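Let's take a walk through this structure, one neighbourhood at a time. Keep the viewer open and follow along.

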Amino acid sequence: MEGNPNVPAPLPYPRGWFCLSSTRELKAGAVATRRLAGEDVVLYRTRGGRVRAIRPHCPHLGAHLGHGGTVDGEYLVCPFHRFAYGVDGTCRRSPYGPHPPELSLTLLPVCEVNGMICVWYDETGAPPDWQLPELPKPGFSTPVQRTLQADTHPQEVAENISDYGHMGPIHGFVDTKELVTARTDGPVRTAKVRARRSLPLVGIVPVDYAVRQFGLGLVLAEAEIPALGVSMRMWVNPTPTGPWRTQFRVFVGCAITVPWAVPDRFRDPPLAVASHLLARFGLTWLTHDVRKDITIWHNKRYLPHPRLQRGDGPIGELRHWARQFYATAER
C-alpha cells in the first residue's frame with residue numbers, strides 16, 4: 001500500500017523531529033539528498049563541521065543543490081552557475097562580480113544529537129517547540145546501523161510499541177508485563193516492560209526494556225539482559241518519505257555490564273571488540289524483529305476505530321497522546 005496520489009492517506013504526515021542521517025554518514029564536505037514528507041531535503045556539512053538542512057532548489061534558476069552541489073569551505077555551491085551560499089542561507093558569492101545578489105536558501109530546522117541528524121517537519125511551517133535531549137553514553141560501543149523501508153506510517157510504528165498482545169505471536173516474547181504504566185511528558189512517552197524471550201544460541205532469558213518515544217519519529221529501547229551482563233541501546237526511527245511510505249534508520253550500541261568490565265571508553269581493546277560484535281548481533285536480532293512487523297504493516301489497514309481488546313496493551317492511550325502531532329485532533 002505505497003499510496004495512490006489520488007487517494008488521501010488515512011493519516012497525514014505528523015509534525016516532529018525525524019532522523020534523515022547518521023553523523024557518520026554525513027562527513028565534512030558531504031552533500032546528501034533525503035526524502036521527508038513527500039519532498040526532497042538537502043543535507044550538507046561544511047568543512048568546519050556545521051550541518052545544514054535546506055529546501056533543494058537554488059533560488060536563482062532552480063537547480064537541485066543535492067545533484068552536483070558542492071561544499072567549498074563554509075559555502076554550499078550551486079552546480080548550475082556556481083552561486084555560493086553561506087551557513088545562514090544567503091548568497092555570498094557569484095561569478096557575476098563582487099556584489100552577490102540578494103538570494104537566500106530556505107533553511108530547515110536541523111539538529112545533530114546522539115549520533116543522528118534530525119530535521120523538523122511541520123505542515124504549517126511552524127518552528128520546533130521542543131528539542132531532543134543528548135543522552136549519556138558511558139560504556140556503549142559506537143552504534144552500528146541499518147536502513148529499512150516499509151509501506152506504513154510512523155503512528156503505526158508507535159502503536160506497535162504499545163501493542164503488547166503481538167509480542168508473543170510475532171516476536172516470541174513470553175510473559176510480557178508492563179512494569180511501569182506508560183507516562184507522557186508533552187512529546188515524550190516512556191514505558192518499562194519485562195519479558196522473557198528466546199535468543200539464538202542462548203535460549204529463553206529475561207529482558208527488561210525501557211522505551212522512550214520522542215514524538216512519532218524516534219523510538220529508543222534500552223534493553224537490559226542481566227543473565228548475559230549486557231545492555232543494548234536500540235533506536236528505531238521511522239521517517240515518512242511519502243504517502244504511507246516510511247524509511248527506518250535503525251541503530252544499535254552495546255555495553256558489557258558484568259563486574260569485570262571496564263566501561264569508561266573501553267580502555268581494554270578486547271572488551272571493545274566484544275561490545276562491537278554484540279552490537280552487530282543485536283542489530284541483526286532487531287532488524288529480524290522489525291522485518292516481521294514490516295510484513296504485517298505492508299498488508300494491514302489502519303482502522304480509525306479498532307475493536308480493541310483487554311490484552312492489546314495501551315493502544316488507545318497511545319492514540320490520544322499522538323493527537324498532538326497533527327493539525328487536526330481526531331486520529
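Start at Asn 160, which is buried, with a relative accessible area of 14%. Keep in mind as you look around that this is a predicted model. Asn 160 sits in helix H1. What does Asn 160 touch, once you set aside its neighbours within four places in sequence? The contacts are His 166, Met 167, Asp 293 and Trp 297. For a sense of scale, pick Gly 49 as well: Asn 160 and Gly 49 are separated by 111 residues in sequence, and their C-alpha atoms are 37 Å apart in space.

In helix H4, which spans residues 315-322, Ile 315 is buried, and so are Leu 318, Arg 319, Trp 321 and Ala 322. Around the axis these residues cover an arc of only 160°, so they lie on the same side of H4. The general rule behind this kind of pattern is that an α-helix has 3.6 residues a turn, so residues three or four places apart point the same way. What covers the buried residues of H4? The cover includes helix H1 (154-162), along with strand E13 (173-185), strand E14 (188-199) and strand E15 (203-214).

Asp 175 is partly exposed, at a relative accessible area of 46%. Now compare Trp 244, another residue other than glycine with a positive phi, near 55°. Trp 244 is found in the loop between strand E17 (230-242) and strand E18 (245-256). Is Trp 244 buried or exposed? Trp 244 is buried, with a relative accessible area of 4%.

Another positive phi turns up in the hairpin of E2 and E3, where Ala 37 takes a value near 55° and 2 residues lie between the strands. Strand E2 (residues 31-36) and strand E3 (residues 39-45) are paired antiparallel over 6 bridges, with Leu 36 opposite Glu 39 in E3. Strand E2 also has two faces: Ala 32, Arg 34 and Leu 36 make up the covered one, while Val 31, Thr 33 and Arg 35 make up the uncovered one.

Last stop: an open sheet of 4 strands, paired antiparallel in the order E5-E6-E7-E8. Strand E5 (70-72) and strand E8 (91-93) are at the edges with a single partner strand each, so one side of each has no neighbour in the sheet. At the E5 end, E5 pairs with strand E6 (residues 75-77) in the antiparallel sense over 3 bridges. Where does Val 71 find its bridge partner in E6? That partner is Leu 76.

Note on methods:
Residues numbered from 1 in each chain as written. Predicted model: local features only at pLDDT ≥ 70, side-chain atom pairs only at ≥ 80, totals over all residues. Heavy atoms only, no water. Buried < 20%, exposed > 50% of the residue type's maximum accessible area, 1.4 Å probe, protein only. Arc of directions from axis to C-beta. Contact = heavy atoms within 4.5 Å. Pairing = 2+ DSSP bridges.
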